Amino acid sequence: EMSASLVGSEMCIRDSINRGLKSIMEEKIRELVGAVFAPEQIESVKVFNGRAIVTLQNAVENPEVTGRLKSAISEMDGIAKVSIVYTAPKANIGLKPENPKWEIKGVRKIIGVASGKGGVGKSTTAVNLALALSGLGLKTALFDADIYGPSIPTMLGYEGVGAVSYDGKTFEPFRYQDIASMSIGTLIDKDVPLIWRGAKACGAIEQLLTEVNWGEIDVMVIDMPPGTGDIQITLSQKIDMDGAVIVSTPQDIALIDAVKGVNMFKRVDVPILGIVENMSYYICEKCGTRADIFGHEGARKTAGSLGVPFLGEIPLHIDIRTNADNGTPIVVSKPDSPHTKAYLDIAAKVKAELGL
């Protein structure tokens with residue numbers, strides 16, 4: 001017992017020292033940045049796992065200045081990588097009083113599934129999360145707002161099928177298992193590139209969202225377009241969103257963009273429900289060896305640094321990919337698999353965060 005107590009005390013002392021060093025490093029970085037930018041422009045300075053992330057608001061991005069700052073910060077002991085993120089001022093992206101929010105009838109809670117960049121498995125996560133929420137007893141809807149890469153019709157088996165309207169005024173949602181679904185992809189041909197500006201894209205999304213007979217829905221999951229552009233900001237402002245789930249892989253380049261996504265939602269007052277680490281690891285089916293192909297626990301550490309919840313890890317596995325491509329998502333096709341359990345655990349945390 002004495003030994004355990006000493007070990008515990010030693011760990012507490014070590015943690016305290018690490019926190020102190022981290023605080024000193026962040027303060028030194030803040031001083032370096034403060035020599036170039038005004039204090040009110042420095043939104044945050046974070047150091048974790050050998051990486052420094054500086055977020056600047058209402059600042060003009062200058063590649064030369066950015067390069068000099070990165071070089072100066074990189075010279076500090078313990079800093080291996082530096083990211084400098086520029087965000088728009090909150091006042092510049094606010095809603096005008098004459099632009100009311102969209103009314104989505106019958107829907108109690110709305111969450112967005114988003115990512116800072118494409119290719120991280122956002123849509124696969126959105127589909128399986130929606131099915132997992134339904135499996136937990138919630139009346140669930142899934143809306144595909146990924147205007148330039150709608151993949152929900154493929155994953156839920158209604159690719160190439162047009163939307164149906166019985167009264168010429170409202171559309172009927174597609175039904176898969178117990179969830180109601182609609183996709184912007186129903187308006188376009190699969191092989192035709194969508195060349196729409198932001199206003200037209202947002203208008204199409206508004207029409208589908210507000211003119212569908214959703215019925216009584218506990219939670220709607222919206223598969224957002226990747227990135228932090230005009231469409232994402234408009235969706236975040238025009239919809240009474242109850243929270244956002246950020247999807248990322250563990251690799252550094254994805255995490256940098258995930259931080260931008262978190263900051264965007266914070267600036268438009270959308271709560272961050274948490275970060276999901278997708279393609280987290282790979283387990284060899286022959287020998288059982290775990291391989292951290294894209295890095296180890298990057299999203300978990302990023303969530304801790306940003307002060308937002310970490311929702312869970314989804315492994316890299318061929319069954320998740322093939323079942324999504326075949327229109328039979330893993331949560332439905334293999335309900336007893338460990339992959340399904342991972343999605344159900346994430347869904348349970350989201351359900352609790354929403355107070356459902």
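**First look**

Colleague: How many helices and strands are there in the protein?
Modeller: The protein has eleven helices and 13 strands, and please keep in mind that this is a predicted model.

Colleague: Why is strand β3 said to be largely enclosed?
Modeller: Strand β3 covers residues 81-87, and six of its seven residues are buried, so the rest of the structure largely encloses it.

Colleague: Which sense does the pairing of β2 and β3 have, parallel or antiparallel?
Modeller: Strand β2, residues 51-57, pairs with β3 in the parallel sense over seven bridges, and Ala52 has Val82 in β3 as its bridge partner. Together with helix α2, residues 63-74, these two strands make a right-handed β-α-β unit.

Colleague: Switching topic, how many aromatic pairs does the structure hold?
Modeller: It holds three aromatic pairs. In one of them, the ring centres of Phe37 and Tyr86 are 6.4 Å apart with the planes at 70°, so this pair is edge-to-face.

Colleague: Where do Phe37 and Tyr86 lie?
Modeller: Phe37 is in the loop between α1 and β1, whereas Tyr86 is in strand β3, so the pair ties together parts that are 49 residues apart in sequence.

Colleague: Are those two buried or exposed?
Modeller: Phe37 is buried, at a relative accessible area of 9%, and Tyr86 is buried too, at 17%.

Note on methods:
Residues are numbered from 1 along each chain as its sequence is written. This is a predicted model: local features need pLDDT of at least 70, side-chain atom pairs count only at pLDDT 80 or more; totals for chains, interfaces and linings use all residues. Side-chain values use heavy atoms; hydrogens and water are left out. Helices (H or I, at least four residues) and strands (E, at least two) are DSSP runs, numbered from the N terminus. Buried means under 20% relative accessible area, exposed over 50%, partly exposed in between (1.4 Å probe, protein chains only). Two strands pair if DSSP finds at least two bridges between them. A crossover is right-handed if, with the strands pointing away from the viewer, the path from the first strand over the helix to the second runs clockwise. Rings of Phe, Tyr and Trp (its six-membered ring) pair if their centres lie within 6.5 Å; planes under 30 degrees apart count as stacked, over 60 as edge-to-face and the rest as tilted.
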